[in-house]
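Colleague: Could you take me through one part of this model in detail? I'd like to hear about the pockets, and then about the charged pairs.

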Amino acid sequence: PLVVPGKGTRINLTLNNFYLYKPVIESESCKKLEIIGNRVYLSRNMIEFYEFKQNYYFVLNDNRQDIDDSRSKGFIAEGDILSKFWFRLPW
């Protein structure tokens with residue numbers, strides 16, 4: 001299952017989810033995350049878990065033809081959100 005990281009969320013890093021969380025972890029830690037052999041390393045220190053320092057969101061746009069959202073850009077840090085837009089469709 002997809003786990004959208006939140007502040008304090010601890011993720012078990014595996015070879016299967018490495019590329020999903022790599023951009024977020026590198027941005028948040030300012031360190032290089034890499035696979036050496038079959039293990040995950042953060043700045044040459046082997047790690048099995050990572051605990052996130054802030055909340056993240058998985059956002060979708062309303063244009064299915066133009067995939068310019070979390071499907072292509074990954075998780076969005078809460079601090080990078082400038083505003084919220086609420087719109088309720090009448091049913």
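This is a predicted model: local features need pLDDT of at least 70, side-chain atom pairs count only at pLDDT 80 or more; totals for chains, interfaces and linings use all residues.

**Pockets and salt bridges**

Modeller: Let's start with the second largest pocket, which holds about 180 Å³ of space. Its lining has 13 residues, and the ones nearest the centre are Val24, Ser27, Tyr56, Phe75 and Ala77. Helix H1 (18-29) and strand E7 (76-77) each supply at least two residues of that lining, and H1 gives the most, with five. Sort the lining of this second largest pocket by class and you get seven nonpolar, three polar and three charged residues.

The largest pocket has a volume of about 470 Å³. There, 14 residues form the lining, and Val59, Ile81, Ser83, Lys84 and Phe85 are the closest to the centre. By class, the lining of the largest pocket splits into eight nonpolar, two polar and four charged residues.

Now the charged pairs. Side chains of opposite charge can pair when their charged atoms come close. The count here comes to three salt bridges.

One of them takes us back to helix H1, where Lys22 and Glu26 both lie, four residues apart, or about one turn of the helix. Lys22 forms a salt bridge with Glu26, with the closest N and O atoms 3.3 Å apart. Lys22 has 23% relative accessibility, so it counts as partly exposed. Glu26 also counts as partly exposed, because its relative accessibility is 24%.

Elsewhere, Lys32, Glu34 and Arg44 are linked in a network of salt bridges. Glu34 pairs with Lys32, the closest N and O atoms being 3.8 Å apart, and Arg44 pairs with Glu34, where the closest N and O atoms are 3.6 Å apart. Arg44 sits in the loop between strand E3 (39-42) and strand E4 (45-47), while Glu34 is in strand E2 (residues 33-36), so this pair ties together parts that are ten residues apart in sequence.

What about burial across that network? Glu34 counts as buried because its relative accessibility is 15%, and the cut-off for buried is under 20%. Lys32, at 53%, counts as exposed, and Arg44 counts as exposed too, at 61%. So picture a buried Glu34 that forms salt bridges with an exposed Lys32 and an exposed Arg44.

How values were computed: Residues are numbered from 1 along each chain as its sequence is written. Side-chain values use heavy atoms; hydrogens and water are left out. On a 1 Å grid over the protein atoms alone, a cavity is a set of points where a 1.4 Å probe fits but cannot get out, and a pocket is an open set with protein on both sides within 12 Å along at least five of seven lines; lining residues have an atom within 4 Å of a point. Grid points are joined across faces, edges and corners, and a volume is the space filled by probe spheres set on the points. Ala, Val, Leu, Ile, Met, Phe, Trp, Tyr, Cys and Pro count as nonpolar, Asp, Glu, Lys and Arg as charged, and the others, Gly among them, as polar. A salt bridge is a side-chain nitrogen of Lys or Arg within 4 Å of a carboxyl oxygen of Asp or Glu. Buried means under 20% relative accessible area, exposed over 50%, partly exposed in between (1.4 Å probe, protein chains only).
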